[in-house]
Every structure is written in C-alpha cells, then in structure tokens.
Amino acid sequence: MKHFAPYLTLFLLFAGCSKEPHVTFSNMPHTHLIKSDFSELPNWSQEDYVNALESFVRSCNTAKTREIYADLCIKASDAVDAEIFLTTHFSPYKINSLNDSQDGLLTGYYEPQIKGSLTKKEPYVYPVYATPKDLLVVDLSEQYPELKGYRLRGRMVGNRVVPYYDREDANITPLESEILCYTDSKIDLFFLEVQGSGRVTLDDGSTIFVGYDNQNGHRYSSIGKYLVSIGEIALEDVSLQSIKAWLEKNPSRIDEVLNYNKSMVFFRQKAKPASGSLGVVLTPKRSIAVDRRYIPLGSMLYLSAKTEAVDFNHVVMAEDTGGAIKGSVRADIFMGYGEEAKKIAGELKAPLKLWILLPKESS
C-alpha cells in the first residue's frame with residue numbers, strides 16, 4: 001500500500017453524496033481533505049518558486065517541519081530547480097470545512113511598534129507582563145488522550161484550582177509577575193496582545209522585542225463583534241483601524257470594551273523580531289497562523305484569497321497560532337512590520353481557499 005511520511009497514515013472516507021472521497025491522516029483526524037493537483041491551484045504558474053522553497057527550507061530548521069517532511073527537508077537545500085522540486089516531491093490536498101464549504105476566511109496580522117519605558121513613570125503606566133509565577137498550566141493529555149492540545153490554566157486558592165484572573169481583574173489586582181516594561185497606551189497594549197509579538201521603542205531610544213509566552217486561560221472574545229452587537233460599528237466597517245478610532249473617541253468606555261475580551265496575553269523578551277509558535281522568525285506573506293487542531297504546525301500550504309484590495313496566491317508555512325484562529329479553512333497571514341503592513345493586516349478579511357502540500361506518495 002502506498003504511504004506518506006512515516007507518521008502520516010492515510011484513510012479514505014466517502015462522505016454522503018460527495019463526488020470526491022475525503023482523505024484524512026492520523027495526525028489530522030478532524031481535517032477533511034480532497035486530493036488535488038498543482039494545475040488546480042489558482043495562479044500556481046505565477047508563483048515565485050525559489051522564494052517559496054526558501055521559506056520551506058527556513059521552516060525545516062524546526063523539528064515539527066522535519067517530522068512532517070523528513071528527508072525532503074534535506075533534499076530541498078540542494079534543489080536545482082525549485083518548481084520541479086515542488087511538483088515532483090509534493091502532492092496538494094484541498095482542505096474542506098466540515099460542512100464541505102470550500103471558502104474560509106483569511107485575515108492578517110503584523111508586528112506592531114509601541115512606546116515604552118523600563119520604569120513606571122508618566123505617561124508609561126501600563127505594564128507589559130511576563131507569565132505570572134502563580135499561573136498553573138495543567139496538561140491533561142496523559143490521562144485523557146482525547147484532550148491532546150488542550151491545557152487547563154488557573155491558580156491555587158487553598159487546595160482548589162480556580163480560573164486565573166481575567167483582564168478586568170488584572171487591572172485591579174497586582175499580578176505575581178515580572179514587568180518587562182511599561183507602555184503609554186492601554187489601546188496599543190491590547191493590540192500588541194492580539195498580534196502576539198512586537199517591538200517596544202523605549203524612552204532612551206533603544207528597542208526591545210517581546211513575544212507571546214502564555215495566556216490566562218480565558219477564551220478570546222472579539223471586541224469588534226462586541227462593538228457591532230451594541231450598534232457602535234457596522235459589521236462591514238469592522239477593522240483594526242475602525243476599532244482603534246472608536247476607542248480613541250470614547251475614552252470613558254475603553255475599559256468596558258477591552259474587558260469584554262477576558263483573555264490576556266503574557267510576554268517574554270526576545271532577541272529577534274516577530275517569531276511565531278513554531279519558533280522561527282516570521283516571513284511577510286509566507287508565514288501564517290492556523291488552528292493546530294486541524295493543521296499541524298510546520299506544514300506547507302498554498303492559499304488563495306482575493307478582494308478588491310488584495311490578491312494572494314502563495315505557498316505559505318504554518319508557523320504560528322492565534323486565539324481567534326478557529327477552524328480548518330482559516331488562516332491569519334503575517335504582513336510584516338511598519339505602517340503599510342499594519343494597514344493591510346488591519347483591513348484584511350477575504351474568502352479563503354486552502355491546500356496542504358504533503359510528501360508525494362511513494363511505493
């Protein structure tokens with residue numbers, strides 16, 4: 001029987017009236033795939049194959065990518081023709097949502113820059129917290145294998161584990177945490193948490209990099225959806241820019257809106273610019289955040305998304321995750337650093353088609 005990389009076991013599922021069999025793999029049991037071909041990838045002929053292969057090679061520096069692609073990581077470094085290497089050694093599989101809808105959602109994120117100080121002084125009064133010492137992270141997968149990938153977070157009160165402080169609590173309760181720095185804007189700090197990493201320009205002119213380290217265990221809730229639900233912003237107008245503009249115009253309601261998202265991110269100082277959950281420095285337009293319940297970190301994918309403002313057809317690497325990224329046909333594409341990246345990322349909401357590129361079948 002033909003097979004893929006050792007840890008990928010293939011199953012065929014004929015679902016209902018679907019003309020094509022769904023393909024699933026043992027490490028992606030909830031992901032419905034349909035065998036495809038490179039000729040079916042939109043604008044594949046216009047791809048920058050060299051750049052695409054370079055992004056794959058960079059990701060091969062991680063154990064997770066090597067686990068999926070094995071010796072292809074070694075062979076890729078010596079490839080003479082990038083296009084031939086990709087089409088010879090990989091097979092595309094279209095990712096379908098559970099209801100067979102072919103379109104998902106692509107959003108964007110970027111590396112923000114905020115102002116800060118290592119000491120608390122006006123106007124730098126909002127703390128950028130490291131992971132608190134009293135935050136418990138409980139992995140239940142050893143006892144409950146079906147919960148693999150899920151972790152319980154909380155704190156001890158007596159002999160009981162209770163939920164950790166939410167965002168509102170943290171504003172009034174000093175956390176048992178190192179403070180990496182202080183920033184001058186509660187709004188900018190919130191969006192730093194949403195993006196997951198960024199640069200802090202200190203008052204002495206130097207810059208430090210901070211990135212996601214942990215989370216308080218509360219579910220992420222979109223403040224954009226909240227503003228829509230209370231009639232403050234129209235659904236079609238929701239973007240990072242419109243949300244920030246509303247908050248700046250309504251300073252007395254900032255806490256009300258931000259506290260709607262009980263989730264809170266804790267950071268660590270990093271030696272390099274934005275890097276994702278995979279641990280590699282993110283590459284603009286080549287790195288995406290995915291829901292790891294459906295797409296393994298380290299995977300190579302092809303995405304296609306088009307609006308009046310953007311037209312993306314690229315090989316990308318699954319190198320990050322995010323609290324708002326839920327579902328199989330769902331991705332957040334990293335746009336880079338600077339005002340242009342911020343503008344595109346903040347406004348990007350596009351129908352998405354997604355393929356995963358896996359090692360080609362071998363006898």
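A salt bridge here is a side-chain nitrogen of Lys or Arg within 4 Å of a carboxyl oxygen of Asp or Glu. A few notes on these contacts follow, colleague to colleague.

1. Please keep in mind that this is a predicted model, where local features need pLDDT of at least 70, side-chain atom pairs count only at pLDDT 80 or more, and totals for chains, interfaces and linings use all residues. Residues are numbered from 1 along each chain as its sequence is written, and side-chain values use heavy atoms, with hydrogens and water left out.

2. The structure holds 13 salt bridges. One of them joins Arg167 to Glu193, with 2.9 Å between the closest N and O atoms. This pair links distant parts of the chain, Arg167 in helix H5 and Glu193 in helix H6 (residues 186–195), 26 residues apart. Helices (H or I, at least four residues) and strands (E, at least two) are DSSP runs, numbered from the N terminus.

3. Both Arg167 and Glu193 are buried. Buried means under 20% relative accessible area, exposed over 50%, and partly exposed in between (1.4 Å probe, protein chains only).

4. Asp166 and Lys262 also form a salt bridge, at 3.6 Å from N to O. Here the partners sit 96 residues apart: Asp166 in the loop between strand S10 (160–162) and helix H5 (167–172), Lys262 in the loop between helix H9 (254–258) and strand S14 (265–270). Asp166 is buried at 10% relative accessible area, whereas Lys262 is partly exposed at 40%.

5. Do look at Glu232, Arg253 and Glu256 as well, which a network of salt bridges links.
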